[in-house]
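Me: I would like to go through this model with you, one region at a time. Please keep the answers plain.

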Amino acid sequence: MKIYRLLLFSSTMLFFLHGKAQRIERAEPLNWWTGMNTPLQVMFHGQNIGGAEVKIDGEGMEITGVHTADSPNYLFVDLDVKEPGDYTFEFKLGKKTFTYPYNISVRREGSRFRESFSSKDFVYLVMPDRFANGDPSNDGTDDTVEKPDRSNYHGRHGGDIQGIIDHLDYIASLGATALWSTPLMLDNDSRGSYHGYGTADYYMIDPRFGTNELYREMVAEAHRHGIKMIMDVVTNHCGISHWWMDDLPFADWINRFPDYTGTSHAMSLPMSNNASQYDTDRFYRGWFVPSMPDMNLTNPYVLQYFRQWAVWWIEQMDIDGLRVDTYPYNDKYAMAEWVRSVLDEYPNISIVGESWHPFTPQVAYWIGGQLNYDGFDSHLPMGMDFPLMNAINKVLSGEEDQSTGATAIYDLVAQDFIYRDPNRLMIFLENHDTDHLADIADGNPEKVKIGMTLMATMRGMPQMWTGTELMFRSLDRSVGHGAARIDFPGGWPGDGRNLFTEADRTDEEQSVFDYVSRLFNWRKGKEVIHTGRTVQFYDRDGSYIFFRCNDYEAVMVVVNISDRPKIVEWDKYGEIVGGVASGYDIVSDESVSTATGYEVRPYGTAVIEFALK
């Protein structure tokens, strides 16, 4: 068992035979299970093992294929898994023989049909390095390059998995039912590694965040708090410091040009029927940045590697769903196969792809089941509603004049007919790649509350970035992401304030926190918000009014984005609440009579519940 645990959680193992150096340095995936639909192909890496004969000691697993690579230091072994057990791979290279242990476990009962995230959930987004430092002893490690420096906007600050575990009570108190953490796998770039998007080992948690064991503990503890875990994964690129960059299995394992070539970032290209082959190659095969080599998913071994890698993390760590970074930059047909493969293993799992498009038809193109002009089907369960973010932020920032009201939001929601199901959207107003909502609202807490009211009541699954509930703002908007990704005050020993507790918050911070917590805890039990239809009403007076309805209940949402009071006259809304005498406003905590007009103060909100039957 000691050998097995070392294999499972370190991703490297040294074996010795009669004093000779090790032959097998890595085997990925690290272990597997019975009863899986995903074919198992173990990638072995070791000096000159490409010429070795390989067999298995044991009756419950059979080798069905052995494949060499361009590099002599790899073997890809196809396996038919029949029975659980501890197996031994035996390699023979000339007169030398060496072995490698491999474990097959029994698949956990019910794993295949796990419940995933959906429109009934509220997602809290955490960047671990900037959230809380629960274990200062791992801030810098001997086997990683970058050391912590909290004075550097773009450096590592020391937040970690233990810090998340320590504050799950706080996250749950906000009404969050799902947690999206930016990547936690090893990123060993010499600078700027804190974000985790330049993977250096796909089977190893970055030791500055913790260990594989601690990650699994975090997932289990989140589940005990009623919080689902969304894993952020990157298939489009690895990091320049990934171990295989010194010895690629195949020449086309990554995409390369004669000279360094970056992607064009032409986000309109993947769904265009007018794109040149030149532009297509540049977009798909160019590197995201010089430190992130572009993976070639059209190589079947690369695609298989990432298919079983995703399944391994879901099964091993018991996670509830995936968020895929830079989704459209991947070869779209290979990624459609990748998604289909994961869904074949977990039919109910949600996968949301980051598709940073400004227009509704472009976002819709990437959601599975859409009737696209070219017949393409991504199979992707959910998309990200960047167009809605842009429309609401346009209103909250004051870019849209009060005299025209919130027509940018109305016009955007009017395009929902393009989606097969608009509830299959993650909705948000900011994330780790944008300004904070309080920046967009110019520090106005009432506008932040308006934004959160819309997120809590509109169709789709809301996502909020850390600190919105406490009016977080960028330290310096001129220097980009690093200064926006601020440390959570109180997450580090010695911080002057601890905003995880009420005692250290200002009145303004506490007011926004209480509002967000009240709204999203209310949302948890509201089926009409999770799945109800949307009916919106057109106004040009600085307000936006819509209903979420089903056969039994209606929720009226009023946001007044002006410096004048809004009087709700009930005759206009008779098609929804005609004949209903009263409702209840969860914002003002008072009964609302439909016999007289209802006033919503300037920059105020109302969320009014009506029983229809």
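Me: Where does Tyr 603 lie?

Reply: Tyr 603 is in the loop between strand 25 (598-600) and strand 26 (605-611). Helices (H or I, at least four residues) and strands (E, at least two) are DSSP runs, numbered from the N terminus. This is a predicted model, in which local features need pLDDT of at least 70, side-chain atom pairs count only at pLDDT 80 or more, and totals for chains, interfaces and linings use all residues. Residues are numbered from 1 along each chain as its sequence is written, and side-chain values use heavy atoms, with hydrogens and water left out.

Me: What is the phi of Tyr 603?

Reply: Phi is positive, about 55°, although Tyr 603 is not a glycine. Asp 318 is another non-glycine residue with a positive phi, near 65°. Asp 318 sits in the loop between helix 6 (300-317) and strand 14 (321-324).

Me: Is Asp 318 buried or partly exposed?

Reply: Asp 318 counts as partly exposed because its relative accessibility is 27%. Buried means under 20% relative accessible area, exposed over 50%, and partly exposed in between (1.4 Å probe, protein chains only).

Me: What is the mean pLDDT of the protein chain?

Reply: The mean is 94, and 96% of the residues reach 70 or more. pLDDT is the predictor's confidence in each residue, from 0 to 100.

Me: Where does pLDDT stay under 50?

Reply: That happens over residues 1-20, for which the model has 46 contacts beyond four places in sequence. A contact means heavy atoms within 4.5 Å. Where pLDDT is low, the predicted coordinates should not be read in detail.

Me: Now the stretch after that. Which peptide bond is cis?

Reply: The bond from Glu 28 to Pro 29 is cis, with omega near 0°. Pro 29 belongs to the loop between strand 1 (26-28) and strand 2. Trp 33 is in strand 2 (residues 32-33).

Me: What does Trp 33 touch?

Reply: Leaving aside residues up to four places away in sequence, Trp 33 touches Val 81, Ile 104, Ser 105, Val 106, Arg 107, Trp 312, Glu 315 and Gln 316. Trp 33 counts as buried because its relative accessibility is 6%.

Me: In what order do the 4 strands of the open sheet come?

Reply: The order is 2-8-7-4, with mixed pairing. Strand 2 and strand 4 (53-57) are the edge strands, each pairing on one side only. Two strands pair if DSSP finds at least two bridges between them. Strand 7 (residues 85-93) and strand 8 (residues 96-105) run antiparallel, joined by 9 bridges, and Gly 85 stands opposite Ile 104 of strand 8.

Me: Next, strand 9. Which way do its residues point?

Reply: Val 123 and Leu 125 point one way from strand 9 (residues 123-126), Tyr 124 and Val 126 point the other way, and all are buried. In a regular strand the side chains alternate between the two faces of the sheet. Strand 9 runs parallel to strand 10 (residues 178-181), with 4 bridges between them, and Tyr 124 is opposite Leu 179. Strand 9 also pairs in the parallel sense with strand 18 (residues 461-465), over 3 bridges.

Me: Which residues have the most contacts inside the largest nonpolar core?

Reply: They are Phe 44, Phe 89, Tyr 124, Tyr 215, Trp 253 and Trp 338, in a core of 151 residues. Helix 6 gives the most to this core, with 12 residues. Apart from it lies another core, of 20 residues, including Ile 545 and Phe 610. A nonpolar core is a set of buried Ala, Val, Leu, Ile, Met, Phe, Trp, Tyr and Cys residues joined through side-chain atoms within 4.5 Å.

Me: How many residues of helix 7 are buried?

Reply: Of its 14 residues, 10 are buried, so helix 7 is mostly covered. Trp 338 is one of the buried residues of helix 7. The buried residues pack against several elements, among them helix 5 (277-285), helix 6 and strand 14.

Me: And helix 9, which of its residues are buried?

Reply: Phe 386, Pro 387, Leu 388, Met 389, Ala 391, Ile 392, Asn 393, Val 395 and Leu 396 are buried in helix 9. Because 9 of the 11 residues of helix 9 (residues 386-396) are buried, the helix is largely enclosed by the rest of the structure. Among the elements covering these residues are helix 10 (407-413) and helix 12 (445-457).

Me: What follows helix 9?

Reply: Gly 398 follows helix 9, and its phi is positive, near 90°.
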